[in-house]
Amino acid sequence: MARGCAFLGVERAILGGAMTWLSERHLVSALSNVGGFGVLACGAMTPDLLATEIAATKALTPKPFGVNLITMHHQLDELVAVCIDQDVGHVVLAGGLPPGWAIDRLKIAGIKVICFAPALALAKKLVRSGVDALVVEGSEAGGHIGPVSTSVLAQEILPHINAVPIFVAGGIGRGEAMAAYLEMGAAGVQLGTRFVCATESTAHPKFKQAFIRASARDAVPSVQLDPRFPVIPVRALKNDASRRFMEEQRRVIDCVDKGDLNPKDAQLEIERFWAGALRRAVIEGDVEQGSVMAGQSVGLVRSEQSVQEIMAELMIEAAHYLDRAGSAPSFDG
């Protein structure tokens with residue numbers, strides 16, 4: 001974990017997954033304050049709102065944290081400028097292949113760039129493009145996912161990429177799994193679902209209860225109805241919103257077939273559907289009509305705990321795992 005800690009400037013190379021409406025100033029600062037690395041989820045924020053949220057997070061923690069930007073955001077250039085103006089140390093570019101200009105502008109400003117690598121070929125391409133670190137996230141994760149599991153991606157990428165630190169994500173809910181990926185060569189890990197029910201999380205109580213009650217098999221990916229239609233699958237808890245998403249896809253696909261929408265605009269409509277549905281669940285507590293995005297590790301979430309308690313559990317579990325393997329370092333719980 002030393003390489004990841006040095007890269008992030010933290011005590012423990014555990015990134016908080018950037019979750020829209022959840023990864024805001026309170027949860028992000030709490031993660032950073034206990035030695036992890038919080039990541040603000042910009043999502044659909046305007047540049048002004050992002051600047052406000054970064055400043056508010058800085059007021060709650062003196063520790064390093066990052067900002068996650070969605071590459072398809074129509075104001076990406078302005079959001080990049082905000083991160084530069086606010087002297088953000090690390091930016092995570094997510095949601096698609098990052099444009100070269102964004103990587104270049106951030107790096108020229110001295111900001112470390114982290115990107116997602118869903119395959120070895122793309123990982124190599126991103127390294128050549130100058131990114132400073134990679135996140136390997138498997139299909140067990142919550143929210144938008146790729147088709148390959150974390151364990152397979154880790155085996156595909158970790159042995160072949162050493163030029164930059166790699167963080168493994170997707171389906172990690174206990175310290176044993178975290179330690180296993182570190183032994184495979186990861187510089188750290190990223191967890192999202194595990195922190196949703198933190199006491200510092202501002203998620204609605206009903207949203208948290210949905211997580212606590214759920215099992216791993218309740219977190220299922222959405223189905224893409226038409227291969228011509230570029231919709232990235234979303235993993236969430238089964239509810240009425242899942243059914244409505246299928247209906248929305250049928251409506252949008254029909255519009256594309258009739259020539260009323262081009263594929264790019266159609267994809268944006270789907271993204272707006274999920275953004276609204278996610279807010280209804282996270283903020284308003286409507287866990288039936290809203291989107292309860294969750295990774296399969298939701299089955300490991302049993303109660304509401306502080307970020308400090310969650311972090312301590314992870315480190316103790318990791319130490320016990322390594323001790324059984326005969327290679328335990330000294331971890332502070």
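Phe207 and Phe211 both lie in helix α9 (residues 205-213), four residues apart, or about one turn of the helix; helices (H or I, at least four residues) and strands (E, at least two) are DSSP runs numbered from the N terminus. The model is predicted, with local features requiring pLDDT of at least 70 and side-chain atom pairs counted only at pLDDT 80 or more, while totals for chains, interfaces and linings use all residues. Residues are numbered from 1 along each chain as its sequence is written, and side-chain values use heavy atoms, with hydrogens and water left out.

The structure holds two aromatic pairs. Rings of Phe, Tyr and Trp (its six-membered ring) are paired if their centres lie within 6.5 Å; planes under 30 degrees apart count as stacked, over 60 as edge-to-face and the rest as tilted. Phe7 counts as buried at 11% relative accessibility, and Phe167 is buried with a relative accessible area of 0%; buried denotes under 20% relative accessible area, exposed over 50% and partly exposed in between (1.4 Å probe, protein chains only). The rings of Phe207 and Phe211 have centres 5.1 Å apart and planes at 35 degrees, so that pair is tilted. Phe207 counts as buried at 0% relative accessibility, and Phe211 counts as buried at 0%.

Two strands are taken to pair if DSSP finds at least two bridges between them. Strand β8 (residues 166-169) runs parallel to strand β9 (residues 188-191), and three bridges join them. Within these strands, Phe167 stands opposite Gly188 in β9. Contact requires heavy atoms within 4.5 Å; axes are lines fitted to C-alpha atoms, for helices over the stretch in contact, and angles run from 0 to 180 degrees between N-to-C directions.

Three further strands form an open sheet with antiparallel pairing, in the order β7-β11-β10. Its edges are β7 (143-144) and β10 (219-221), each with a single partner strand, so one side of each is left without a neighbour in the sheet. Two bridges join β7 to the antiparallel strand β11 (residues 234-237), and Gly143 stands opposite Arg235 in β11.

Gln75 is placed in the loop between β3 and α4 (76-85) and counts as buried at 17% relative accessibility. Apart from residues up to four places away in sequence, Gln75 touches Thr46 and Pro47. The C-alpha atoms of Gln75 and Gln155 are 36 Å apart in space, the two residues being 80 residues apart in sequence.

The charged end of Arg279 sits over the ring of Trp21, 5.2 Å from its centre. This assignment requires NZ of Lys or CZ of Arg to be within 6 Å of the ring centre and within 35 degrees of the ring normal.
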